[in-house]
Amino acid sequence: MTVRPSFVHSCCAPSASLDPFSAARESSAVRKGIESASVATAVRYPSARKLASLPDLSELKCASSHCEIVMTEPTGYDSWADLYDELYESAFGAMYSSMTAGHLRLVADRHSKVIDIGAGTGRLSIALARAGRAVTAIEPSAGMLRGLEKKAIDAGCRDRIQVVHACMHDCVSHPSVALDHDVAFCLFTTIHHVLTLESLELTMTAIARALKSGAIAFVGVHPRYVFEQFRGGMNQSVLIARLGGTVQWTQSAVAMQGNPHLLDTRCVLRLPDGREITDLLVTRPWTVEEITSAASRANLTADGTAGMIGTEEVLRFVKM
Ligand SMILES: C[S@@+](CC[C@H](N)C(=O)[O-])C[C@H]1O[C@@H](n2cnc3c(N)ncnc32)[C@H](O)[C@@H]1O
């Protein structure tokens, strides 16, 4: 049983209509336009000041712990958590709901207890809870968690979701997190916010510990082209390609000092209606092999893939 070494997956490749990146990929003019707009607005753009007040990530050392970066406030997601759902739903369109449906199908057993790592505003946690599953939602961004809780209350399923404010690599050290889940999810860019090999191994160990023996973990990995063609700024590229507006890149796909594997992406997005988003993301384009090998050291055996779901390949692991 092997995990394929590349992301090419002809039978499950996203169709053009569901591929959120197609608009931007097809038209390099769009991106050129974005870049020249950035240059044109760089000097007089008032929000540039907001970026200056954010922590300079390049000064942080990426040695043993990435968590201080992730938890630095505001994180990339905290700064625009209130707009996250609205923007993602419009930017990713039909792909967004079909992706959730695809993830739901991976949990056939109604009695499954699921841990959703990097749950965000609850896209999947809430869908799972509404379908009757008991869910543990792990999320380090307070802003994203607020969105999740509000939506869960509105959906009438708050009582089926345990919310845990934590990073993925040490989530099981939280005393209230049970160690008998049937399924773990770590999806939709979340694993790419792990920045060091040590943290990746800690994360895989935490996922394994949260699962009962024989349970399944699904980990989503973005294809390399997402990082290469979108300069690490896929949020911004997709949002701008789909919604219009302008983006002022202040730093994009820059390898952080001391670690050439990391992409430091920051920008200010201005939406057509005048709203602004200051985005600050650091990601690492892990490969399938890197994730699989960290998983195997954590007692999670590769069990193939659930294919391309949405924008990423969903790897499947079994807890031994
Ligand atoms: C693009 S969102 C995806 C949310 C959700 N998994 C989904 O599929 O819709 C990525 C999420 O990963 C979270 N994240 C970033 N670093 C994390 C960490 N160290 N531990 C857990 N979650 C993290 C972010 O706060 C954000 O909510």
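**Entry 1: the E86 and R275 pair**

I looked up E86 and R275 and found their side chains meeting in a salt bridge, 2.7 Å from N to O; I count a salt bridge when a side-chain nitrogen of Lys or Arg is within 4 Å of a carboxyl oxygen of Asp or Glu. This is a predicted model, where local features need pLDDT of at least 70 and side-chain atom pairs count only at pLDDT 80 or more, while totals for chains, interfaces and linings use all residues. Residues are numbered from 1 along each chain as its sequence is written, and side-chain values use heavy atoms, with hydrogens and water left out.

E86 sits in helix α5 and R275 in the loop between β7 (259-270) and β8 (276-283), so the bridge ties together parts 189 residues apart in sequence. My helices (H or I, at least four residues) and strands (E, at least two) are DSSP runs, numbered from the N terminus. E86 is partly exposed at 38% relative accessible area, and R275 is partly exposed at 29%. For these labels, buried means under 20% relative accessible area, exposed over 50%, and partly exposed in between, with a 1.4 Å probe and protein chains only.

**Entry 2: other salt bridges**

I searched the whole structure and got nine salt bridges. One of them joins D154 and K150, with the closest N and O atoms 3.0 Å apart. Both residues lie in helix α8, four residues apart, about one turn of the helix, and both are exposed.

Next I checked D303 and R316, whose side chains meet at 2.8 Å, N to O, in a salt bridge. This pair links distant parts of the chain, with D303 in strand β9 and R316 in strand β10, 13 residues apart. D303 is partly exposed at 22% relative accessibility, as is R316 at 27%.

Just after α5, G93 takes a positive phi of about 55 degrees.

I then traced the largest nonpolar core, which has 41 residues, and Y84, I161, F185 and F188 have the most contacts inside it. Such a core is a set of buried Ala, Val, Leu, Ile, Met, Phe, Trp, Tyr and Cys residues joined through side-chain atoms within 4.5 Å. Helix α5 (residues 81-92) gives this core its largest share, seven residues.

**Entry 3: the sheet**

I followed seven strands through an open sheet of mixed pairing, in the order β3-β2-β1-β4-β5-β10-β9; two strands pair if DSSP finds at least two bridges between them. β3 (161-164) and β9 (300-309) stand at the edges with a single partner strand each, so one side of each is left without a neighbour in the sheet. Strand β2 (residues 134-138) runs parallel to β3, joined by four bridges, and T136 stands opposite Q162 in β3.
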